[in-house]
Amino acid sequence: MPVTIGALRESAPGETRVSLVPEVAEKFAAAAAHILIERGAGVSAQFPDSGYKKVDWADRDAVLTAAGVLLTVQPPSLAEINALKPGTTVVGFMQAHARIDEVKALRDRQITAFAMELIPRISRAQSMDALSSQAAVAGYKAVLIAANMLDRFLPMLTTAAGTIRPAQVLIIGVGVAGLQAIATARRLGAVVEAYDVRSATKEQVRSLGAKFIDTGLSAEGSGGYARALTEEEQRQQQEVLDSRIALADAVITTAAIPGRRAPRIVSRAALERMKPGSVIIDIAAESGGNCELTQAGQTVVHQGVQIVGPVNLPAQLPFHASEMYARNLYNFLKPALDKQGDLAIDWQDEVFAQSCLTHAGAIKHEPTRKLVEGA
């Protein structure tokens, strides 16, 4: 019997993305699944109801009670979890470390929850990697915000009034967001420098036409993330970075690890060496910020420097962010749909096993289980 895949209009404040776009809805329908969507689900992302084909429509409560699989962008609320049938599967970002009550509810309601942020970073799962797809959106948008807030041009201009020197942009953190920020700043004509504690990123930075700042440190970690630096390594890193921060017109910080506080990289002292009119765009604001003065969701002005702490940057480009995210969801779920369109999860598959947060009344993700239930 075909599984019913449900999608809602996101209710979290400021969330404009949708978990299911018309293109992906048709792919699920072609895989024999039944699609049930809340009316107006995609409107905020510029996907009107008329664009969806081969789907059924219902109000919010009906979608929640009928869905065998619920697709979400933001984690489901307690009310939404309590409205689901026991045994329902939920797929989306779960933010388990910050939503203990919701994790307990998922466990107690016998909900199978897959967290998109827990998908392992292996080659086979690249097309499912929602963290990366949404980070690319954030890196792109961060540069546009910086360009808009700067009181100077990004590119070099040769005019009748003389030559305008290009802006200096510093990208800290060369993950997916950082790489997209480098590429975007270069396209806009800025002189770009970048830094990451992982030495393996050096060639990636150079391939995009930017200069890599070498501090003599290497902090390769597991899963594509950097390890924590020792105090001496942090001091050495800071001395080199502070000198480059002082010269930058725009600094974009992207260093973050899911489930942990963002590392503090830009100190008040370093910020106070920057030129008045400079800007810092701190993509890591939601997890505490890479800059000492960052306030999530606010712009702080300190000695003429603007420190911007944007939240949920992908929601500022909801059309393409939703397209990318919905494709991630499809690529994740498609292997679990049998020929009849029913859900048949292979628990021996490391992608499903490692991304599972709760199942059959238990918390399957061990760090979250320890956080919720203790050792």
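Analyst: α5 and helix α6 (residues 176–187) pack at an angle of about 40°, and their axes are 7 Å apart. Axes here are lines fitted to C-alpha atoms, for helices over the stretch in contact, with angles running from 0 to 180 degrees between N-to-C directions. Helices (H or I, at least four residues) and strands (E, at least two) are DSSP runs, numbered from the N terminus.

User: Is the crossing of α5 and α6 left-handed or right-handed?

Analyst: Right-handed. The rule is that a crossing is left-handed if the near helix is turned anticlockwise from the far one by less than a right angle, and right-handed if clockwise.

User: Which residues make the contact between α5 and α6?

Analyst: On the α5 side, S132, A135, A136, G139, Y140, V143 and L144; on the α6 side, V176, A177, Q180, A181, T184 and A185. Contact means heavy atoms within 4.5 Å.

User: Before we go on, what kind of model is this?

Analyst: A predicted model: local features need pLDDT of at least 70, side-chain atom pairs count only at pLDDT 80 or more, and totals for chains, interfaces and linings use all residues. Residues are numbered from 1 along each chain as its sequence is written, and side-chain values use heavy atoms, with hydrogens and water left out.

User: OK, α10 next. What span should helix α10 have, and what are its end C-alpha atoms apart?

Analyst: α10 covers residues 318–333, and at 1.5 Å a residue those 16 residues should span 22 Å; the end C-alpha atoms are 22 Å apart, so the two agree. The expected span is 1.5 Å times one less than the number of residues.

User: And which residues of α10 are buried?

Analyst: P318, A321, S322, E323, Y325, A326, N328, L329, Y330, F332 and L333. Buried means under 20% relative accessible area, exposed over 50%, and partly exposed in between (1.4 Å probe, protein chains only).

User: What covers the buried residues of α10?

Analyst: The cover includes α1 (22–30), α5 (130–149) and α11 (350–355), along with the strands β4 (69–71), β5 (89–92) and β6 (112–115).

User: Switching to aromatics. How many aromatic pairs are there?

Analyst: Nine. Rings of Phe, Tyr and Trp (its six-membered ring) pair if their centres lie within 6.5 Å; planes under 30 degrees apart count as stacked, over 60 as edge-to-face and the rest as tilted. Take F93 and Y325: their ring centres are 5.3 Å apart and the planes sit at 20°, so this pair is stacked. The two come from distant parts of the chain, 232 residues apart, with F93 in the loop between β5 and α4 and Y325 in helix α10.

User: Are F93 and Y325 buried or exposed?

Analyst: Both are buried. There's also an aromatic cluster made of F114, F332, W347 and F352, and F332 is among the buried residues of α10.

User: Now charges. How many salt bridges does the structure hold?

Analyst: 23. A salt bridge is a side-chain nitrogen of Lys or Arg within 4 Å of a carboxyl oxygen of Asp or Glu. One of them joins R124 to D349, with the closest N and O atoms 3.0 Å apart. R124 lies in the loop between β6 and α5 and D349 in the loop between α10 and α11, so the pair ties together parts that are 225 residues apart in sequence.

User: How accessible are R124 and D349?

Analyst: R124 is partly exposed at 44% relative accessibility, while D349 counts as buried at 16%.

User: Where do R235 and E239 lie?

Analyst: Both are in helix α8 (residues 231–247), four residues apart, about one turn of the helix.

User: What about D151 and R152?

Analyst: Those side chains form a salt bridge too, at 2.9 Å, N to O. D151 is exposed at 55% and R152 partly exposed at 29%. There's also a network of salt bridges that links R107, D108, E366, R369 and E373.

User: Last topic, backbone. What is the phi of Q46?

Analyst: Positive, about 70°, although Q46 is not a glycine. Most residues other than glycine have a negative phi. Q46 lies in the loop between β2 (34–38) and β3 (56–58) and is exposed at 56%. Q110 also has a positive phi, near 60°; Q110 is in the loop between α4 (100–108) and β6 and counts as partly exposed at 40%.
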